[in-house]
Structure formats: C-alpha cells, structure tokens
Amino acid sequence: MVVTLTGSNDFARASELKKLAAAFVAEHTDMGLERLDGEEHDAARLRESAASLPFLTARKMVVLREPGKQKAFAEHISDILKDVADTTDLIIVEPKLDKRLTYYKTLKKETDFRELNELDAGGLSRWAMEYAHAQGGELAAGDARLLVERIGVNQQLLQQELDKLLAYDVRITRQTIELLTEPSPQSTVFELLDAAFAGRRQRAFELYREQRALKVEPQAIIAMLAWQLHILAVIKTAGARGVEDIARQAKLNPFVVRKSQALARGLSLAGLKTKIAELLQLDLNLKTKAMDADEALQYYLLTL
C-alpha cells in the first residue's frame, strides 16, 4: 500500500495519518513503524527506507514527511515507487504539491492519492455533527452551524471546543454553546465590519468593545480589518467568477468568500479603495503620532 496525503487541511491530514498509523500499530506493533522527514534526511536514506524489508516484524510502515524537498527523491519518484517492498506500507505526506510537476502527476497516478482540503461552512457543520455522534453525543444541524459561525473555520479549534462541550453535556445545545464558547476574533471582526458598513453604529461599537474585552489590541483589529477589506477587494474585482474559483485563485477558504459576497455587493469599488487608503493612513498615524488608538479606530468605524 502506498498512500499520498496532501491538501491544505492540516487537521484532516494529521487525522488521516494518525488513523492509518494506529491501524498498523494495532496489528503489527510500533516496532515496524518508521518516520522520516525530507528536511532531515537525504534522498538516498528516504529511498532506502521505502525499499528495505521489515526487521523482526511481518510488515513495516514508512511515513515520509515532505520527501519532495529532496530534489533527487522527487526526480526519481517513479523508480522509488516501483522499488517499494510488498511488505511495506508507504505513506507520503506532502502538504503542498505543485500540480505542474511530474512528481505530483506520478503520485496522483500511481498511489492512493488523498487530497484533504479545507471544508466550507456546510462541510464543517456536517463534520461537527458526525464527530459529536462518534463521541456518543448529540448536535443538531442548526446548533452545528451556530458553533461554526461562532468559532470559525479552524477545524482543530472546532474539535477542541466540541470536546469541551461534550465533557460538559453530551447533548450540545445553543445554550451550552453560548455559555461555554467565545466568538473567535476573526468572525467577530467580520460582524464588526458588516455592522459598520450597514450603519448599525451601536452594534459596531458593541462588537468593538467585545474585542477589547477579549484583550484584542487595536493594531490586531486593524490587521483583521485590513484582511477583511482585502477579501472584499478580491471579490469585488473577481467579476463573474464563482465562489470556488475565487477561493482557489486567491487561496482563500470558500466559506470566507461566500460569507463576504453579500457585503461586497453593497460596496462600490471606488468606496472600497477609499476605505483601504484611510485604514492605511490610520495605521501609519498610530505608529508615528501620539494619539488615542481606541478613539481613532472607533472614529474610522463611524465613517464606514
């Protein structure tokens, strides 16, 4: 068995590797498990490990992390795969692969190629429900969506919050979610920007105070506002491209693009450029002049 694990979802990749390794160890013990890193071992050592026979066990599993960083390994991947012993399970972990290269094409064609990318909001909600059920808990679809909106799209963080909620009560409800979780700064900044652009000044200032209560500094809020404005600019200049195309080209999560589209539709490109320039000037002023950062940032929100 030769498996390639790739894709942008670090959590899913790590989970899949853990599952494969656990299944192997349960049957053959960890004596046959070998892990090598492409940054620490040369191509000859990586190749030798994949081709050699197991010692004191019937089978062995070799996990190679980013072996493509060794140019000689990538260039001879086809021969290396042919040399893998029948008694060896080879797992190649490559978080990022250049699809233009022969290395990628060979792995995709000649291995069990598993591309694990970030989930959108719907996919994360379904995953959260499945995870809760697998742990003996309950999570309704509406509450799963609330949790994703509240926590954000980081699957690792989402799992940690689910574990906490399940430890409190196996039946996860809106009440327990609101009681035990805090809104992520990134998702709240989107709400902050949305409220400001919509003219809901009181709500915008409430959200700003929440951020400050969470000890998020004004400069961090400016950075997140800049990132959100960047996303809006990408969407605004993308023309008729679909969500998936925009996300792929701009290297954004589809969930983030979809969530920002409605806000982008209500803005003119000229107005957006003005607000980006004003935020840049605010950032420069805070770094070069003596001024009240909270007051200046709240005034910027007011002008939106």
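Among contacts (heavy atoms within 4.5 Å) in the protein chain between residues at least 6 apart in sequence, 71% join residues at least 24 apart. The model is predicted: local features need pLDDT of at least 70, side-chain atom pairs count only at pLDDT 80 or more, and totals for chains, interfaces and linings use all residues. Residues are numbered from 1 along each chain as its sequence is written, and side-chain values use heavy atoms, without hydrogens and water.

The protein chain holds 16 helices and seven strands. These are DSSP runs, numbered from the N terminus: helices are H or I with at least four residues, strands E with at least two. The C-alpha trace spans about 70 × 45 × 40 Å along its principal axes.

Five strands form an open sheet in the order S2-S3-S4-S1-S5, with parallel pairing. Two strands pair if DSSP finds at least two bridges between them. Strand S2 (33-37) and strand S5 (112-115) are the edges, each pairing on one side only. S3 and strand S4 (residues 88-94) run parallel, joined by six bridges. Lys60 has Thr88 in S4 as its bridge partner. Helix H1 (residues 10-28) packs on the sheet and touches strand S1 (2-6), S2, S3, S4 and S5.

Now the surface. Phe55 lies in the loop between helix H2 (43-51) and strand S3 (60-65). Phe55 counts as exposed because its relative accessible area is 66%, and exposed means over 50% (1.4 Å probe, protein chains only).

Note on methods:
Buried < 20%, exposed > 50% of the residue type's maximum accessible area, 1.4 Å probe, protein only. Axes fitted to C-alpha atoms, helices over the stretch in contact; angles between N-to-C directions.
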